[in-house]
Amino acid sequence: MKRQLTSLLFLMAGYTLTAQTDPGATPETKNLYRNLGILENKGLMFGHQDDLPYGYGWYHQPGRSDVMETCGDYPGICGWELGHLEQGDALSLDSVFFTHIREGIVDFYNKGGVITISWHGRNPLTGGNAWDVSSKEVVASILPGGSKHALYLTWLDRLADFFLSLKTANGTQVPVLFRPFHEHTGSWFWWGRNLCTAEQYKALWRFTVTYLRDTKHVHNLLYAYSTDRFATEADYLERYPGDDIIDMLAFDLYDRGPEYGTVLNFCAKTVSRLAEAKGKLAAVSEAGGPIYKQTDWWTNTLLANLKGVKLSYVLVWRNPWQNGEAAFGPWKGHPSAADFVKFYADPQTLFLREVAAENLYR
Ligand code: BMA
């Protein structure tokens, strides 16, 4: 009753989230989408890539988390990476066992947190990695009729098997925000702006989503469109695959200079507004700053420029276990830890305890 009342209030306030794109989505996936739309009005989830499989100085110690050890709670949303799953490897490109990724995802779902997955898949035409931009023919080669289409199908089959294997003990499939082909407004991945036409990029998305959903019957995914830095709305939407394909509008932006705050604020407001107009979710899908040196980055740069902007989450990138200075998240004893605790305590930010209390999957 209370939840119905809250939803009604948002409807009256002009809250217009449309249904998620997959009409056959599992009940938990539909619920997650609807509840994330409501949660955007209450606060900003904090997210961290690879928060649970490893952190600075440790690997696979279930229950550990650099964020939790810094502020006393886990992130509200955790990011995971599937690079190299496509070729059937046991280890991801960041040297995490996929068995550990699967277990970690199911465990975090059981705790009430949100899961997002990125995919730095290898270059299917050259055999190089995701950053191999030596050919402009890669996207064309994996579309129907292309010389690597059959190979690409085997990749999607492996991804589909993995998504379908994300199940709780009672067989419930775990909903995932899937964010492939990201940062395509830049040209450092084989799917980037200078590496394919807008039509090819959109066709890649459409093919991938329809294959996973209609051929492989994967119904536990929400799809996030995630650019890098952009200058205008038209720039942001140039390669947007369509309202029937995308559930979340997002962007990645790393702090590489003094203009960061202004650009972050502009991009966040633009994506939030576009998502609102389309009735979709919005997020800062990757961020990261020079936190080892600028120790007040959490409150004075990140939060200061996202204050009051309606977004589902902001996710900072990973903490490599070998190098504490290169971490995009905090760790216990990190120079920015005190400021991170302030960021955590701010009423706008949401961590796992608050997120789990929302029962997002019901
Ligand atoms: C990049 C870097 C790489 C990593 C990749 C995928 O931004 O962190 O070291 O392999 O993401 O997680």
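How far is an oxygen atom of the ligand from an N or O atom in the side chain of Asp-94? The views below come from a predicted model, and the first one holds the answer.

**View 1. The ligand and the residues around it.** Welcome to the ligand site, where Glu-81, Leu-93, Asp-94, His-120, Trp-131, Trp-317 and Arg-318 surround the ligand. For Asp-94, the distance from a side-chain N or O atom to a ligand oxygen atom is 2.5 Å. Arg-318 also has a side-chain N or O atom 2.8 Å from an oxygen atom of the ligand. For Trp-317, the corresponding distance from a side-chain N or O atom to a ligand oxygen atom is 3.1 Å.

**View 2. Helix α6 meets helix α7.** Here you can follow α6 (residues 149-165) and α7 (residues 198-215), whose axes come within 10 Å and cross at roughly 50 degrees. This angle is why α6 is described as oblique to α7. The crossing of the two helices is right-handed. From α6, the residues His-149, Tyr-152, Leu-153, Leu-156, Asp-157, Ala-160 and Phe-163 touch Leu-204, Phe-207, Thr-208, Tyr-211 and Leu-212 of α7.

**View 3. Helix α9 meets helix α10.** Next, look for α9 (residues 260-278) and α10 (residues 297-306): their axes come within 7 Å and cross at roughly 35 degrees. This crossing, too, is right-handed. On the α9 side, Tyr-260, Gly-261, Thr-262, Leu-264, Asn-265 and Ala-268 make the contact, and on the α10 side Trp-297, Thr-301, Leu-302, Asn-305 and Leu-306 do. The contact residues split into 6 nonpolar and 5 polar, with no charged residue.

How values were computed. Residues numbered from 1 in each chain as written. Predicted model: local features only at pLDDT ≥ 70, side-chain atom pairs only at ≥ 80, totals over all residues. Heavy atoms only, no water. Axes fitted to C-alpha atoms, helices over the stretch in contact; angles between N-to-C directions. Helix = DSSP H or I, 4+ residues; strand = E, 2+ residues; numbered from the N terminus. Parallel < 35°, antiparallel > 145°, perpendicular 65-115°, else oblique. Left-handed = near helix turned anticlockwise from the far one by under 90°. Contact = heavy atoms within 4.5 Å. Near = heavy atom within 4 Å. Polar contact = N/O pair within 3.5 Å; in protein donor to acceptor, adjacent residues only side chain to side chain. Nonpolar A, V, L, I, M, F, W, Y, C, P; charged D, E, K, R; others polar.
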